[in-house]
Amino acid sequence: MKHRVMQLEPDLGWRQAKLALLAYAHVAICCISLYCITITDSFPGVIGFDKSHLTSAILNVLVFSPVVILFAISRFSFGYLVGFYFYIMVLGYLWLIEFSLLDYDHRLALISIVLSAFAFLVPTLFITSPMRQAVVMPARAFHMMPSVILIASAAIIGIGALYNLKLVDLNEMYKYRAEVALPGILRYAVWIVSNALLPLAFACFVTSKRFWQAGIALVLMLLIYPIMLTKMALFAPVWLLFLALVCKLVAEARVATILSFFLPVLIGMILFVLVKTDLFPLKPGLVYFGTVNTRMVAIPSLALEIYNNYFSAHPLTHFCQINAVKLVVPCAYDEPIWAVMARSYDLGAFNASLFATEGVASVGLVLAPVSALGCGLIIALGNRLSSGLPPQFVLLSAGLLPQVLLNVPLSTALLTNGTGLLFLLWYIAPRSAFDQTAASTVAVSDHRQGAEAA
């Protein structure tokens, strides 16, 4: 027994080292990507490349990069998935701040974002203990739930199509999106279906190997694009299919999490180089780089730059961007914060993550780490409510949430985008249903092996 323990410890250390190396590789490719974005003057008036600041940007990243060790030693959870994407967002900001053209206290912002990152990541990664289930959905009802979600989603999408249905390409998307006018309840229902319920149904179908139904879930997600006209709706089914493939090829959920970010960005960098050397067509290469590398790596970090500048000279929101809070707290803003940003900066509607909205915009740089800690505890609640579920099921059912949380406030993600509902469904999900699925899979496998041997 002692020999076995001694054998496991080196294996564990090697797995942790491989995770850290993979995470470091992703950090490196993201920095190269950010360098390419910076030198191409993608955000004029906000970010400007200055070669003399390059060393400082690299040093910022190097000093913060050892945080990857936290991801090497922690186990997989919902917070692990979200935390890794937020870690890259913070690294991106530490790079971009050295090329900032905007006027605000950059040193205070640097200290604030680092403290906020630690305050967020510690509970997000390490509070994972299970919460006792007071209510458990019957296994039969849980097995039927994804089919019910498909039917309900089809009905909601059908109703949405009566209000708006336009098949337009990405170039015309923003032109027509301003004309989308769905009733409030229907708009919320579409987003909850798109970001929470259909991914949950997809995860259930993949876990139970009902692949035809999983395909139907993806088709329904794609049908949301001509209604809402957002990139998220267009690429969501492709993203979930990609995650399912990564999970199929990689058994370790932590490795799958890192690869889910690393591989798309790496492909974007390869295409960028091929375009620059005239080995790949210009338009598709730059469209991919702009959609993946710029959108996933740079934009969430750039939002921190924008919010720091704006709220250094304007009143804080004190959380009044949340409609319920606005009813009881005086608010300096009569319109959504994204609309304020769109009017103030020529960068379009600029929603942003909890670090920018619940942090910088709501309480300012000094108290932003306290806000980040509170948000981290909410993510940790998701860890506890999903504890005991298969890691790959959690990864697939929450597959869209990192992208959502990087681009909208946490309050919006919890309510409008269905994260809170997903937490609830995780909590009441019968853990025994997955044990039965695993046992059934093993039995089928044993039967096939026996038949082949015969």
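Just after helix H16, Gly-388 takes a positive phi of about 95 degrees. The model is a predicted one, in which local features need pLDDT of at least 70 and side-chain atom pairs count only at pLDDT 80 or more, while totals for chains, interfaces and linings use all residues. Residues are numbered from 1 along each chain as its sequence is written, and side-chain values use heavy atoms, with hydrogens and water left out.

**Helix H16**
- Helix H16 covers residues 355-386, where helices are DSSP runs of H or I with at least four residues, numbered from the N terminus.
- Although H16 has 32 residues, its end C-alpha atoms are only 24 Å apart, short of the 46 Å that a straight helix would reach, the expected span being 1.5 Å times one less than the number of residues.
- H16 bends by about 135 degrees at Val-363, the bend being the angle between axes fitted to the seven residues ending there and the seven starting there.

**Buried positions in helices**
- Tyr-93, in helix H4 (residues 78-96), is buried with a relative accessible area of 0%, where buried means under 20%, exposed over 50% and partly exposed in between, using a 1.4 Å probe and protein chains only.
- Leaving aside residues up to four places away in sequence, Tyr-93 touches Tyr-104, Ala-109, Ile-113, Ser-301, Leu-304, Glu-305 and Asn-308, a contact being heavy atoms within 4.5 Å.
- Ser-153 lies in helix H6 (residues 139-163) and is buried at 1% relative accessibility; not counting residues up to four places away in sequence, Ser-153 touches Val-193, Leu-198 and Leu-220.

**Salt bridges**
- A search of the whole structure finds two salt bridges, each defined as a side-chain nitrogen of Lys or Arg within 4 Å of a carboxyl oxygen of Asp or Glu.
- In one of them, Arg-254 pairs with Glu-252, with the closest N and O atoms 3.2 Å apart; Arg-254 is buried at 8% relative accessible area, whereas Glu-252 is partly exposed at 28%.
- Glu-335 and Arg-343 also meet through their side chains, at 2.0 Å from N to O; Glu-335 is partly exposed at 31% relative accessibility, and Arg-343 is exposed at 56%.

Conventions
Helix = DSSP H or I, 4+ residues; strand = E, 2+ residues; numbered from the N terminus.
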